[in-house]
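Here are my notes on the cavities and the ring contacts. Please read them alongside the model.

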Amino acid sequence: MADDYLVRIGKLIRDARQHRGWTQSQLAEALGTSQSAVNRIERGNQNISLEMIARIGEALDSEIVSLGYAGPMHLRVVGGRRLSGSIDVKTSKNACVALLCATLLNKGRTVLRRVARIEEVYRLLEVLNSIGVRTRWINDGVDLELVPPADLDMDAIDAEAAVRTRSIIMFLGPLLHRMDQFRLPYAGGCDLGTRTIEPHMIALRRFGLDITATEGIYHAKVEPNVSPDRPIVLTERGDTVTENALLAAARHDGVTVIRNASSNYMVQDLCFFLEALGVRVDGVGTTTLTVHGVPNIDVDVDYSPSEDPVEAMSLLAAAVVTESELTIRRVPIEFMEIELAVLEEMGLDHDRSAEYTADNGRTRLVDLTVRPSKLEAPIDKIHPMPFPGLNIDNVPFFAAIAAVAQGQTLIHDWVYDNRAIYLTDLNRLGGRLQLLDPHRVLVEGPTRWRAAEMMCPPALRPAVVVLLAMMAAEGTSVLRNVYVINRGYEDLAERLNSVGAQIETFRDI
């Protein structure tokens, strides 16, 4: 009976591995074991503990067997270690999720190269699979292939996966061209305070979309033959709002002008992808986009999203707070120039390589080497602005950087209601941060970090900031329930370990 159980478990593991597109060697590497051990497990020839089953399930993003409540994932961090060597920036999380939504525009086969293997992507894939889109990882699990059905089955949508991602809101733009009415679960994501969909609706109503909300569901109806008769002026220069307007305009039979558009990195990547679909977009990189729509899109397309400037900022901050020399490769420099200018004024010692082009053929990259530096607090406050200003998602990393600088730094995170509050979690690790109001925090440095055990903040970037501070703190820290980090970063702990960190993942079973 035990042998039969092991055979059945092995088959489930093999099926989950193949579904993810991994080889036995790739799974072995993720588990820190040998390919032969994985082979024995899959053939049912090796005893396997519940802990190992949980580890395999985590690696494959698949519940191999039901163990009741498996418990959240945690990180155990041995701090005070210097980083060294070099590390590559992964592709943009925010671009990848926008491109996944954009594939709904296309009747043909889409291949996205080097897609970020993160929870946000997995949740969107679960939603896409549930409505009939065929997806599979190809080329040893590096790239993603998507083939849509002739008709989407919106009644079968995976509501549980949908409510765990705010990116589901970007289904509105493509879907309004495919059906007269449909339903979507409420958008979820990070806990960053109240964020309404009204800015989206101001743009999408111009294409005939009307929405009523009842009991956690958006009920959408599309009026036929409604089209923008003048330029669309967005009431906020938001990234997802701009992307939704672009997605709606892409299959609109005519020319759509979008003003006050975001020109941020993920919006530019989406524009480049739309051009690959045959949709002409004028004004990429500016706040006025002119979209020449194509009513019927049926092409086989192959696209490589660019690297993530926010991950690049995360890795730079890791080097700064741990007083390390680290080379960060494939940094999208045009989306980091303001951040680096501020850091130069603070005294950052760094240099950069000559520029080269990303795989999308458009984005400019550099390799950036950061060295231990004696930093001074900036004279002016740190605050975000729409591109080309300091990136909204890079603001939290300045809290950790300011904490190791001499003097006081005022950080004004005016965009989100709650995020500045979460930054005060650094006080548990020895920081001296004073919350002035829900949007402003005063940081006093330098900081003598100390180890602590604490819950992960419910917002992605503040959660990573806490992890970086733990890496700088002497002793052993524990960060509990890190799902929010896995939403936006691929194998972050393992990759930081590759340059000298000591971070162990574990979970309660």
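1. The lining of the largest cavity is made up of 5 polar, 3 nonpolar and 2 charged residues. Here Ala, Val, Leu, Ile, Met, Phe, Trp, Tyr, Cys and Pro count as nonpolar, Asp, Glu, Lys and Arg as charged, and the others, Gly among them, as polar.

2. A caution on the source: this is a predicted model, in which local features need pLDDT of at least 70 and side-chain atom pairs count only at pLDDT 80 or more, while totals for chains, interfaces and linings use all residues. Residues are numbered from 1 along each chain as its sequence is written, and side-chain values use heavy atoms, with hydrogens and water left out.

3. The lining includes Ser92, Tyr265, Gln268, Asp269 and Phe335. Helix α11 (residues 265-276) gives the largest share, 3 residues. Helices (H or I, at least four residues) and strands (E, at least two) are DSSP runs, numbered from the N terminus.

4. The volume of this cavity is about 50 Å³. The whole structure holds 5 cavities of 30 Å³ or more. A cavity is a set of points, on a 1 Å grid over the protein atoms alone, where a 1.4 Å probe fits but cannot get out; lining residues have an atom within 4 Å of a point. Points are joined across faces, edges and corners, and the volume is the space filled by probe spheres set on them.

5. There are 3 aromatic pairs. Rings of Phe, Tyr and Trp (its six-membered ring) pair if their centres lie within 6.5 Å; planes under 30 degrees apart are stacked, over 60 edge-to-face, the rest tilted. Phe273 and Tyr303 are edge-to-face, because their planes are at 70°, with ring centres 5.7 Å apart. This pair joins helix α11 to strand β13 (residues 301-303), 30 residues apart. Phe273 is buried at 0% relative accessible area, and Tyr303 is buried at 5%. Buried means under 20%, exposed over 50%, partly exposed in between (1.4 Å probe, protein chains only).

6. Phe335 and Phe387 form a tilted pair, with centres 4.9 Å apart and planes at 45°. The two lie 52 residues apart, in distant parts of the chain. Phe335 is buried at 6%, as is Phe387 at 16%. Ring pairs link Tyr265, Phe335 and Phe387 into a cluster.

7. Two arginines sit over rings. The charged end of Arg76 is 4.1 Å from the ring centre of Phe506. Arg117 lies over the face of Trp137, 3.6 Å from the ring centre. The rule requires NZ of Lys or CZ of Arg within 6 Å of the ring centre and within 35 degrees of the ring normal.

Note on methods: On a 1 Å grid over the protein atoms alone, a cavity is a set of points where a 1.4 Å probe fits but cannot get out, and a pocket is an open set with protein on both sides within 12 Å along at least five of seven lines; lining residues have an atom within 4 Å of a point.
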